[in-house]
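Visitor: I have a model open and want a quick tour. Can you walk me through the fold and the ring contacts?

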Amino acid sequence: MIKALRNERGITLTTLVIALVMMIILMTALSVNSHTSLNLSKLTRLQNDIEVLNDKVAIYYVKHGEIPKYKSENTTYQIAKSTLQGQIPDLSPADGNIYYVLDIGTLQKELNMSRLNYGKGWQSPTSQDRYIINGETHMIYYIQGVHYEGEEYHTIRKKCLTNESKYDKIIKYKILAQR
């Protein structure tokens with residue numbers, strides 16, 4: 001019996017090392033893939049937030065004739081374009097010079113807007129975790145930005161088929177619906 005056990009061969013050190021190296025390669029590939037997926041989900045959440053905000057701001061604009069600007073103690077928080085150019089590299093050249101902090105609380109109360117993934121620091125004037133809107137083009141930006149594949153994203157860009165803005169279309173629809 002003892003001779004039979006001595007004659008059985010186990011796994012060699014070489015086989016063990018090869019198996020470990022293969023496991024390390026697989027774990028590295030899975031780790032890199034999950035990191036890319038995580039960053040892509042961050043970018044997707046930013047896109048979803050901005051699409052929701054675009055819709056809610058358009059509705060608010062039609063109802064009130066102005067964008068929902070954050071005000072604290074009768075002070076409207078506005079930011080000059082020159083201040084943002086160092087922080088947000090993808091500002092649109094079509095944007096005017098004044099940006100406002102979006103009043104997320106008003107949109108949530110008045111329009112029953114769901115919670116956003118980002119922009120939770122909208123009440124703090126020094127927070128980077130907030131959304132701003134251009135006073136003229138109504139383009140929405142997330143100051144802090146989201147990193148994906150070495151790039152930093154602050155907004156989403158969509159190609160417009162016409163020069164007519166979303167607000168003009170909503171106003172036209174509202175006028176037609178009233179007739």
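**Fold and ring contacts**

Guide: Read along the sequence, the pattern is α-α-β-β-β-α-β-α-β-β-β-β-α. That makes five helices and eight strands. Helices (H or I, at least four residues) and strands (E, at least two) are DSSP runs, numbered from the N terminus.

Visitor: What should I know about the source?

Guide: This is a predicted model: local features need pLDDT of at least 70, side-chain atom pairs count only at pLDDT 80 or more, and totals for chains, interfaces and linings use all residues. Residues are numbered from 1 along each chain as its sequence is written, and side-chain values use heavy atoms, with hydrogens and water left out.

Visitor: Which strands make up the open sheet, and in what order?

Guide: The open sheet has four strands in the order E3-E4-E5-E6, with antiparallel pairing. Two strands pair if DSSP finds at least two bridges between them.

Visitor: How many bridges join E5 and E6?

Guide: Three, in the antiparallel sense, with E5 covering residues 131–134. Tyr-131 has Tyr-142 in E6 as its bridge partner. Ile-133 is bridged to Ile-140 in E6.

Visitor: What about the turn in the E5 and E6 hairpin?

Guide: The hairpin has five residues between the strands, and His-138 takes a positive phi near 65°.

Visitor: Which way do the E5 side chains point?

Guide: Tyr-131 and Ile-133 point one way from E5, Ile-132 and Asn-134 the other way, and all are buried. Buried means under 20% relative accessible area, exposed over 50%, partly exposed in between (1.4 Å probe, protein chains only).

Visitor: On to rings. How many aromatic pairs are there?

Guide: The structure holds three aromatic pairs. One is Tyr-118 with Tyr-142, tilted, at 5.1 Å centre to centre and 35° between the planes. Tyr-118 lies in the loop between helix H4 (104–111) and E5, while Tyr-142 is in strand E6, 24 residues apart.

Visitor: Why is the Tyr-131 and Tyr-142 pair called tilted?

Guide: The centres of the Tyr-131 and Tyr-142 rings are 5.1 Å apart and their planes are at 40°, so the pair is tilted. Rings of Phe, Tyr and Trp (its six-membered ring) pair if their centres lie within 6.5 Å; planes under 30 degrees apart count as stacked, over 60 as edge-to-face and the rest as tilted. Ring pairs link Tyr-118, Tyr-131 and Tyr-142 into a cluster.

Visitor: Are these tyrosines buried or exposed?

Guide: Tyr-118 and Tyr-142 are both buried. Tyr-142 has a relative accessible area of 1%. Tyr-131 counts as buried at 0%.

Visitor: Where does the charged end of Lys-69 sit?

Guide: Over the ring of Tyr-100, 4.5 Å from its centre. The cut-off: NZ of Lys or CZ of Arg within 6 Å of the ring centre and within 35 degrees of the ring normal.

Visitor: Now the core. What's in it?

Guide: The largest nonpolar core has 31 residues, and those with the most contacts inside it are Leu-53, Leu-102, Ile-104, Tyr-131, Ile-132 and Ile-140. Such a core is a set of buried Ala, Val, Leu, Ile, Met, Phe, Trp, Tyr and Cys residues joined through side-chain atoms within 4.5 Å.

Visitor: Which element gives the largest share?

Guide: H2, with five residues. Helix H2 (13–64), strand E4 (98–101), H4, E5 and E6 each supply at least two.

Visitor: What does Ile-140 touch?

Guide: Leaving aside neighbours within four places in sequence, its contacts include Ile-50, Leu-53, Val-57, Leu-102 and His-154. Contact means heavy atoms within 4.5 Å.

Visitor: Last one. Where is Val-146?

Guide: In strand E7 (residues 146–148). Val-146 counts as buried at 4% relative accessibility. Beyond four places in sequence, Val-146 touches residues including Leu-43, Leu-46 and Tyr-118.
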